[in-house]
Amino acid sequence: MRLQGKTILITAAGQGIGRASALACAKEGATVIATDRDAGLLSGLDMETHPLDVTDVAAIVALRDRLPPLDGLFNCAGFVANGTILDVTERDWDFSFDLNVKSMFHTCRTFIPGMLERATKTGTASVLNMASMASSIKGFPNRTAYGATKAAVIGLTKAIAADFVKTGLRCNALCPGTVDTPSLRGRIAAATDPVQAEKDFISRQPMGRLATTDDITPMVVFLLSDESRFVSGQACLVDGGVTI
Ligand code: NAD
């Protein structure tokens with residue numbers, strides 16, 4: 001049980017990578033607090049759940065006040081706005097930054113003080129921020145707002161890691177390749193030619209297939225566990241070889 005004794009909060013745990021991560025962490029013995037904007041998506045999870053819209057600062061603070069200090073925080077919530085610099089509206093841009101980056105600014109500011117208390121007692125605490133291979137790592141077509149937000153997540157992650165490196169609190173970013181999740185299926189279905197869109201997503205993955213959420217969760221468990229105790233400030237790629 002690699003996460004025994006740890007209390008870990010996960011955002012956007014209703015479906016996709018967040019949900020798979022909640023299940024994987026619980027399987028490794030963590031007390032998982034699964035949150036999502038859509039409470040209905042949390043109903044089947046056999047763990048503590050709370051509705052949480054990560055763009056609602058007051059709700060983040062109110063939830064923190066009901067919970068014990070955390071050992072782990074996985075900021076998973078994020079959104080893909082499609083388009084080049086010429087297509088993206090200011091609204092898409094602002095929404096992407098609010099959801100993908102500013103939400104992490106608020107959750108980190110809200111939960112890190114309690115996590116530092118835990119780190120003082122146990123020697124360790126771990127923040128994991130969801131970034132992407134589409135970020136400062138690599139450019140992709142039609143990912144202007146998305147790539148900019150995920151690059152900002154990596155910058156935020158490194159800054160937090162640097163500020164707290166002597167305390168036991170670590171902070172890393174997770175950078176997946178293309179993962180088969182409900183949001184990816186939505187992007188495929190919304191394309192003009194969904195069959196071709198799926199082929200295009202697969203063809204950008206050199207291993208010839210999309211990642212499953214189970215390809216991603218081992219890295220999530222590792223980064224939230226003490227096995228990664230000497231790892232901080234890293235953008236950890238699980239990209240099926242895209243960046244080889
Ligand atoms: P998904 O659409 O399958 O799940 C997203 C979840 O986020 C949903 O349960 C939704 O209710 C929740 N959510 C949306 N807005 C929210 C808000 N304001 N507050 C709280 N919850 C909210 O998504 P996914 O594909 O699993 O992606 C999860 C994360 O992984 C995102 O940050 C995404 O950018 C990142 N990511 C995904 C891929 C991919 O290919 N799927 C690749 C790299 C990174």
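Start by selecting Cys76: a polar backbone atom of this residue is 2.8 Å from an oxygen atom of the ligand, a polar contact, meaning a pair of N or O atoms within 3.5 Å. Taken alone, the ligand exposes 840 Å², of which the protein buries 93% (Shrake-Rupley areas, 1.4 Å probe). This is a predicted model, where local features need pLDDT of at least 70 and side-chain atom pairs pLDDT 80 or more, while totals for chains, interfaces and linings use all residues. Residues are numbered from 1 along each chain, and side-chain values use heavy atoms, without hydrogens or water.

Next, pick Asp53, whose side chain has an N or O atom 2.9 Å from a nitrogen atom of the ligand. Then try Arg37: here a backbone N or O atom lies 3.3 Å from a ligand nitrogen.

Now show the whole shell. The ligand is surrounded by 28 residues (a heavy atom within 4 Å), and Asp36, Tyr146, Val179 and Thr181 are among the closest.

Finally, color by domain, using bounds from an automatic or database assignment. Domain 1 (7–176 + 214–236) and domain 2 (179–210) both contribute shell residues, so the ligand lies between them.

Conventions:
A polar contact is a pair of N or O atoms within 3.5 Å; within protein, one must be able to donate a hydrogen and the other to accept it, and residues adjacent in sequence count only if both atoms are side-chain atoms.
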